[in-house]
Amino acid sequence: MPELSTKLRRFFGSKPTTSSLSEKQSAVKPTPTTTTPVKMSSTISAAQFLAAAKHRRSVYGLKNTSAVSDKRVQEILEEVLSFTPSSYNTQPLRIVLVTGAKHAALWDAISAAAEPVLKGAGEEVWKTMQGIFQMHKGAYGSVAFFDSANVIAESGKTHASAAHMFDEFSHHSSGMAQILVWSSLELEGLGANLQHLNAIPPVEEAIKKFLAVPEDWKLRAHLNYGDEAQPHPEVPQKLSTTETLKVVN
Ligand SMILES: Cc1cc2nc3c(=O)[nH]c(=O)nc-3n(C[C@H](O)[C@H](O)[C@H](O)COP(=O)(O)O)c2cc1C
């Protein structure tokens, strides 16, 4: 859908903002802005937004190439970071982009850390998972989504009545960023799939060490991406909305 993709590219093209702890504090109680807000409703409709979101699929057949430059992917990540919501605007989200040979080396590190754990579960488990790791290694890039545990703990102090909720809130917020990044990369023509290596604690540690991220960062999800090596999948079958939707009016 090139026309929609162009519109979304315009949507994602504005200047990203940066975040800092002090800015976060002021952002909790936003100061009135003097600039005229852009009326997005005149640029893109809900139907277009949903059609764009519906294009996102889990794509596992990926090449070790990307028709989209690292710079453009970085711009998308900056844009997503600039507006993704978080509880009280506390902004625990942290993202790392890894591409090319570093992506392949990351998957080697994941595989090495997982091997003893998976072999412990049985030689067959290891063989199956090794094949899956090789497949992911064969993609072009990774977007790793982390949350800062320090920010989550700090948020519990500044908003004590909701302290018990901030870890859960950070998962919600990360999921919102994940869907934005995943959808955006696929609208640029790439394929992507979402993985959870935090399921194996030594693997999360190996990823953090490889990426040299702060100790308090918690891995939430890992998006592999690259040029598609398979036809773009259809939406898988969903439950009837008679089962999943209730309207009360
Ligand atoms: C919260 C969440 C966790 C997921 N974790 C994984 C995962 O660890 N590995 C994987 O291959 N796919 C994972 N998926 C992808 C789902 O299997 C996939 O979204 C689902 O089958 C629907 O297909 P679609 O993505 O093409 O719409 C995850 C998806 C979600 C939303």
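Ser-58 counts as exposed, because it has 11 C-beta neighbours inside 10 Å (12 or fewer other C-beta atoms within 10 Å of a residue's own make it exposed, 20 or more make it buried, and anything in between is partly exposed, with C-beta atoms placed from the backbone). Ser-58 is also one of the residues around the ligand. Keep in mind that this is a predicted model, where local features need pLDDT of at least 70, side-chain atom pairs count only at pLDDT 80 or more, and totals for chains, interfaces and linings use all residues. Residues are numbered from 1 along each chain as its sequence is written.

- Ser-58 sits in the loop between helix H3 (46–55) and helix H4 (70–83); helices here are DSSP runs of H or I with at least four residues, strands are runs of E with at least two, and both are numbered from the N terminus.
- Leaving aside residues up to four places away in sequence, Ser-58 touches Asn-193 and Leu-194, where contact means that the C-beta atoms, placed from the backbone, lie within 7 Å.
- Asn-193 and Leu-194 also turn up among the residues around the ligand, together with Arg-57, Ser-58, Gln-195, His-196, Pro-233 and Pro-236; to be listed, a residue needs its C-beta atom, placed from the backbone, within 6 Å of the molecule.
- By class, the shell around the ligand splits into 3 nonpolar, 4 polar and 1 charged (Ala, Val, Leu, Ile, Met, Phe, Trp, Tyr, Cys and Pro are nonpolar, Asp, Glu, Lys and Arg are charged, and the others, Gly among them, are polar).
- How far apart are Ser-58 and His-232 in sequence and in space? They are 174 residues apart in sequence, and their C-alpha atoms are 8.9 Å apart.

**The fold overall**

- The protein has 10 helices and 4 strands, and along the sequence they run α-α-α-α-β-α-α-β-α-α-β-α-β-α.
- Of its 249 residues, 31% count as buried.
- Take the contacts between residues at least 6 apart in sequence: 85% of them join residues at least 24 apart.

- Two packed helices are described by the angle between their axes and the distance between the axes.
- Here, axes are lines fitted to C-alpha atoms, for helices over the stretch in contact, and angles run from 0 to 180 degrees between N-to-C directions.
- Angles under 35 degrees count as roughly parallel, over 145 as roughly antiparallel, 65 to 115 as roughly perpendicular, and the rest as oblique.
- H4 packs against H8 at about 150°, with the axes 10 Å apart, which means H4 is roughly antiparallel to H8.
- On the H4 side, that contact uses Val-73, Ile-76, Leu-77 and Val-80, and on the H8 side Ala-177, Leu-180, Val-181, Ser-184 and Leu-185.
- The H4 and H8 contact residues come out as 8 nonpolar, 1 polar and no charged.
- For helix H7 (residues 149–158) and helix H8 (residues 166–187), the angle is about 125° and the axes are 9 Å apart, so H7 and H8 are oblique to each other.
- H7 contributes Ile-152, Ser-155 and Gly-156 to this contact, and H8 contributes Phe-166, Asp-167 and Ser-170.
- That contact of H7 with H8 divides into 2 nonpolar, 3 polar and 1 charged.
- The axes of H3 and H8 come within 8 Å and cross at roughly 85°, so H3 and H8 are roughly perpendicular.
- Ala-52, Ala-53 and His-55 of H3 meet Ser-183, Glu-186 and Leu-187 of H8, a contact with 3 nonpolar, 2 polar and 1 charged residues.

**Positive phi in the loops**

- Most residues other than glycine have a negative phi, and most peptide bonds are trans.
- Asn-89 is not a glycine, yet its phi is positive, at about 55°.
- Asn-89 lies in the loop between H4 and strand E1 (93–99), and is partly exposed because 17 other C-beta atoms lie within 10 Å.
- Ala-212 has a positive phi too, near 55°, and its place is the loop between helix H9 (201–211) and strand E4 (217–226).
- Is Ala-212 buried or exposed? Ala-212 is exposed, with 7 other C-beta atoms within 10 Å.

**Gly-131**

- Gly-131 belongs to helix H6 (residues 123–137) and counts as exposed, with 9 C-beta neighbours inside 10 Å.
- Gly-131 and Ser-111 are 20 residues apart along the chain, with 10.0 Å between their C-alpha atoms.

How values were computed:
Contact = placed C-beta atoms within 7 Å.
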